[in-house]
Amino acid sequence: MFGLMQQHELLISGLIEFAQSNHADTEIISRRVEGDIHRSNWAQVAKRAKQIANALKHMDLAVGSRVATIAWNGYRHLELYFGVSGTARILHTINPRLHPDQLAWIVNHAEDEVLCFDMSFLPIVQAIHAKTPTVRHWIALCDADRLPSDSGIPGLQSYEAWMGSQSSEFEWPIFDEHTASSLCYTSGTTGHPKGTLYSHRSTLLHAFGSALPDVMNMSATDSVLPVVPMFHVNAWGLPYSSAMVGAKLVFPGPALDGKSVYELIEQEQVTFAAGVPTVWQMLLSHMKPLNARFSSLKRTVIGGSACPPAMIHTFKEEYGVEVLHAWGMTELSPLGTLCSLKNKHMALPEGERMKIRLKQGRSFFGVDLKILNDQGQRQVHDGKSYGDLYAKGSWVIKKYFKEIDTALIDGWFPTGDVATIDEDGYMQVVDRTKDVIKSGGEWISSIDIENIAVSHPHVAMAACIAIADPKWDERPIVVVVKKPGLALSKEELLAFYVGKTAKWQIPDDVIFVESIPIGATGKILKTKLREDLFKHKQS
Ligand code: AMP
């Protein structure tokens, strides 16, 4: 017997309709490429999303065609999120930090037909436009009078001229909730990038799940700052979950330096921010010498790579900001786990609670996790046994875009991470499978070695990688950037490890460098670091 309740498709257009009806005057703030602050609200976003829908209708673009963006976090990008997906076309967000050859490859693979870009990315577009024949329309996200006459891009239009004159009357179509909504390629440190194609249903379920109190705890009282880019896994779904709860959104645009982010947090009274550790490192380094304080920030989600315990401590102890450590992947929309405590932890001393907060967290309803050993057997959840981490759930990938084979093994997605899970379901990433250091048959977590290094007061950044060793197969070495003006010797740092990790896990060597290469999504690029170091050893 079926239930007798209504059935409505879970569609992204529903989110913007809801935000318009219920949170019309809630603000959407953007620092623009031009440097000024732009103020909009959910009603404006909804109206302009409908103008985009009408503009797309006049372009003869089939349902399912791809509309690409190369853009910072801002209101125009947000309007495209709703306007493109709402019409059953697919928003393809592209990471501008990739190499132009890789960008052209991605555009061609996705067969993008429209490409919208911020003017700061004009040089990139100039570099790829002749190599991307599927793109029929080039749109610069700017006012008509800002369009250069000599861009070299035939038919280039300004966004405001393209959509501004369209009617804002539009009835969002109703279609199957499994329809594709957006497309994001993985960073692809090896081989070609692969496309993750989200659906309306997966996007809405992810938004419901991520807004829960034990997850991102989002509310209409929040002022949300997604520092995590809208070109990387839909800014962790924050544009959607913010519309779902009616939160204020604050977009940083291209200004991701510590000073700009701090000023924006204070000016717009941000309560909740999200980003990768490298961004927060810049923010904390800016604040420390000025003895600056936060007047509104309550919590921040940190993920994308392991958040150093020292950072969690600093936010909590010095600034009273709660860090929610999260783990996710492009293929998981991205949220897989988030670290929040349980009722039984409330009575624990702060030190014990902090130990739990350092983990990547527990999965929430909608995502299942398991760990398997080398023989494919399930490992017990005791917080010690480690194995390859697998995920399944309603917002986890099934197959990569245009690939024939499934991305799954026995119905589970292999994440490429090695992890432990404890009795309470808290998962801790030991390492990326390819980064873990295999020394004499034992594994050393490069993350653990890095965390110890960055807890030294003179270390700004550290990366641990393996070097080949005739006796042990691999041994760890640590590459370190010192804090400006502070001294540190190899011997001092190695002595600092004593007592903090097993003796055999202490790195064999310390290499001091000026900077460590950071990849397109703000993570340490270990492949590049290994290459650089190898060159360095040969020269
Ligand atoms: P991406 O798809 O580019 O977002 O990368 C996903 C990968 O980032 C995961 O498979 C992890 O290796 C890594 N990652 C994400 N969050 C964390 C975290 N909190 N701690 C450690 N690694 C993380």
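## The ligand and its shell

Strand S14 (residues 322–328) contributes four residues to the shell around the ligand, the most of any element. Strands and helices here are DSSP runs numbered from the N terminus, with at least two residues (E) for a strand and at least four (H or I) for a helix. In total, 15 residues surround the ligand, and the closest are Ala326, Thr330, Asp417, Arg432 and Lys523. Sorted by class, the shell holds four nonpolar, eight polar and three charged residues. In this scheme Ala, Val, Leu, Ile, Met, Phe, Trp, Tyr, Cys and Pro are nonpolar, Asp, Glu, Lys and Arg are charged, and the others, Gly among them, are polar.

Before going further, please keep in mind that this is a predicted model, in which local features need pLDDT of at least 70, side-chain atom pairs count only at pLDDT 80 or more, and totals for chains, interfaces and linings use all residues. Residues are numbered from 1 along each chain as its sequence is written, and side-chain values use heavy atoms, with hydrogens and water left out.

Which residue has a side-chain N or O atom 2.6 Å from an oxygen atom of the ligand? That is Asp417. Gln360 places a polar side-chain atom 2.8 Å from a ligand nitrogen atom, while Ala306 uses a backbone N or O atom, 3.2 Å from a nitrogen atom of the ligand.

An open sheet of seven strands runs in the order S7-S6-S5-S3-S4-S8-S9, with mixed pairing. Strand S7 (157–158) and strand S9 (195–199) are at the edges with a single partner strand each, so one side of each has no neighbour in the sheet. Strands count as paired if DSSP finds at least two bridges between them. S4 (residues 90–93) and S8 (residues 180–185) run parallel and are joined by three bridges; Leu91 stands opposite Ser182 in S8.

Helix H3 (residues 75–86) packs on this sheet, touching S3 (66–70), S4, S5 (112–117) and S8, and its direction makes about 145° with that of S4. Contact means heavy atoms within 4.5 Å. Angles run from 0 to 180 degrees between N-to-C directions, with axes fitted to C-alpha atoms, for helices over the stretch in contact. Helix H7 (residues 200–211) lies across S8 and S9, at about 80° to S9.

## Antiparallel pairs around S18

Strand S18 (residues 386–393) pairs in the antiparallel sense with S17 (residues 367–372) over six bridges, and Lys370 has Tyr390 as its bridge partner in S18. S18 also pairs with S19 (residues 413–421), again antiparallel, over five bridges. There, Gly387 stands opposite Ala419 in S19.

Methods. Near = heavy atom within 4 Å. Polar contact = N/O pair within 3.5 Å; in protein donor to acceptor, adjacent residues only side chain to side chain.
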